[in-house]
Amino acid sequence: IAKGERKLALANLGFAYAAFLIGTLCGLLQVFIRNDALTLPGWLDYYQVLTAHGLLLAIVFTTFFIFAFFQAGMSRALGSFGPKVLLWNWIGFIVTSLGTLLVVIMVIGGQASVLYTFYAPLQAHGLFYVGLALFVIGTWIQGFALVGHYRVWRKQHEGELSPLFAFMTVATIILWVIACLGVVAAVLFQFIPWAFGMVDGINVELSRSLFWYFGHPLVYFWLLPAYMAWYVIVPKILGTKVFSDSLARLSFVLFILFSIPVGFHHQLTEPGIASFWKFLQTVLTFMVIIPSLMTAFSMFATFELRGRELGGKGLFGWLRKLPWKDVRFTSIFIAMAFFIPGGAGGIINASFQMNEVIHNTLWVVGHFHITVGTPVAMTFFGLTFWLIPYLTGRRFTKALQKLAFIQIISWSVGMLLMSTAQHVLGLMGAPRRTAYTGYAHDDALAWFDGVLSNHVTMAVGGSILFLSASLLIFIVIQLWWMAPKADVHQAESFPIAPSDASATPRFLENWKLWIGIAFVLIAVAYTIPLADLIQHAPPGSGRFQTW
Ligand code: HAS
């Protein structure tokens, strides 16, 4: 990898892991506050810590990590960046970083305790929203710069399908840009005028709907880079090829089509949206499950075929042949295993009536810790173990590999304890996101009687997670600055499995077609309900509904 791309990817990774360290510390505080074992000092409040935790981990860690992965991977898949592509990537990185710093300063300063979902009626200081806008613009600049690199490649290879890694990167960037349109509209036209006092009120339901137009595809912006690792990198570690090039591409196309017109499944309990539109978006949500089921199928096929190739016999004998001692594989395998209950939980959430049971309870917190918190995060850990040595030219020594095993196992145990407790407590009705936990109340105390349905279990899990996160930071520091330098034979490479595209239909790379269909679906699912929300804002507030 050339020096320019190396520095760029490392800069993104540095930001990602700094956010990870502070974000996990806030998580630790969180479980102790909910356990009544910790009282925060007067200048710090529960919602401030919760906002920092959500933003730093779910938004900052993920986004910076994803761009580091894309930049390193795109230069590996398509060749070195030209000076223009490199420059625009740097500009994008700087704008994203400035936006992030502004957001973090406002949160730490107690001016933006609005949670990571930041929709109205909670209001932050205007600069918080300016920071958000800069963050989005910065990611767009980095995204478009990468698409520019891809376009140069395509011009030079007319008629060819692009390498799978590049195809998937472009698909993820397309999804991200379309998704951000909702949050950009809300931030520019609703939040900034409202927070700076240019208007008296805000159309709350509209702001929530625009947020969730963005908020659901956001989760696939986190998931797709993990899927890229599953499809493209895991087979290389196993010593085989991608199971099916066309299946992999099709699943990414389906994400572009179906991940956006589904935001109402986060708003099923909100009265301002007619049931028909909620139902339609529930149906579309079930469509977006399909590419994940395709991915599960493809992964099982890869494992079984490779395991049998290596001599595995019988119904499950092939499982034993997988490279369990390679932490780059084991971490990602465990991440995938977590996504089985994580995905099943998502299907429960999306089932209109069942949503009534879990909405706004700790169940939802359990759900996202076994989706973004493990399948995605632990895949990123698995990537970190070779990505940093690849960028710094150091060695992932045997001793560090042992530590990495302890790290992923402790993360899994901590997450299992914490998220199981969260799911069970949620089913019993324990609310999420509240400083008032009401433990002195008899009814509330009854929730916390069991072994798993207990806040202590949650706190034990949370503490193990924090220790695991600290260990990861230690490994990152070692791989970055301290591990011995690798010689030519030991140098890490960027593992990309071969993918046979000879039978892949060319139309799968017709972006105009997919973007066009995506917009049609979005228009069908959103035009009328959004128009309704604008038109039927309460009397007396003009177009802005006040609370
Ligand atoms: Fe979700 C709420 C529905 C997936 C994240 N979700 C959230 C929130 C977050 C989040 C952060 O319908 C909270 C938002 C907030 O703060 O209010 N979610 C779904 C559905 C899916 C889904 C249908 N969610 C995700 C992913 C996330 C994520 C992915 C992050 C990355 N979610 C909801 C709904 C809500 C919600 C409602 C709102 C709840 C409410 O009322 O507030 C689907 O995409 C899931 C499909 C996935 C599968 C699993 C496939 C399995 C695979 C693994 C294969 C394993 C292998 C290993 C090969 C069907 C691919 C083998 C190993 C062995 C051991 C055998």
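Me: Which helices each supply at least two residues of the shell around the ligand?

Reply: In this predicted model, the helices that each contribute at least two shell residues are α6 (204-238), α8 (275-309), α10 (327-350), α11 (352-358), α12 (362-369) and α13 (372-392). The largest share, nine residues, comes from α10.

Me: Which of the 36 residues around the ligand come nearest?

Reply: Y116, Y220, N355, H359 and H367 come nearest. By class, the residues of the shell divide into 24 nonpolar, 11 polar and one charged.

Me: What makes H367 a donor to the iron atom of the ligand?

Reply: The cut-off for a donor to this metal is 2.8 Å. NE2 of H367 is 2.2 Å away from the iron, and H367 is the single donor from the protein. The place of this histidine, H367, is in helix α12.

Me: Why is Q281 called buried?

Reply: Buried means under 20% relative accessible area. Q281 has 0% relative accessibility, and therefore counts as buried. Q281 lies in helix α8, and a polar atom of its side chain is 3.0 Å from the backbone nitrogen of G263.

Me: Which residues are in contact with Q281, leaving aside its neighbours within four places in sequence?

Reply: With those neighbours set aside, Q281 is in contact with P261, V262, G263, F264, A525 and Y526.

Me: How do you know that the span of helix α7 agrees with its 14 residues?

Reply: At 1.5 Å a residue, α7 (residues 245-258) should span 20 Å. The C-alpha atoms at its ends are 20 Å apart, so the two values agree.

Me: Why is α7 described as largely enclosed by the rest of the structure?

Reply: The description holds because 12 of the 14 residues of α7 are buried. Among them are D245, R249, F252, F255 and F258. The buried residues of this helix pack against α5 (164-195), α6, α8 and α17 (511-535).

How values were computed:
Residues are numbered from 1 along each chain as its sequence is written. This is a predicted model: local features need pLDDT of at least 70, side-chain atom pairs count only at pLDDT 80 or more; totals for chains, interfaces and linings use all residues. Side-chain values use heavy atoms; hydrogens and water are left out. A residue is near a molecule or strand if one of its heavy atoms lies within 4 Å of it. Helices (H or I, at least four residues) and strands (E, at least two) are DSSP runs, numbered from the N terminus. Ala, Val, Leu, Ile, Met, Phe, Trp, Tyr, Cys and Pro count as nonpolar, Asp, Glu, Lys and Arg as charged, and the others, Gly among them, as polar. Donors are N, O and S atoms within 2.8 Å of the metal (3.2 Å for Na, K and Ca); water is not among the atoms, so sites may look incomplete. The expected span of a helix is 1.5 Å times one less than its number of residues. Buried means under 20% relative accessible area, exposed over 50%, partly exposed in between (1.4 Å probe, protein chains only). Contact means heavy atoms within 4.5 Å. A polar contact is a pair of N or O atoms within 3.5 Å; within protein, one must be able to donate a hydrogen and the other to accept it, and residues adjacent in sequence count only if both atoms are side-chain atoms.
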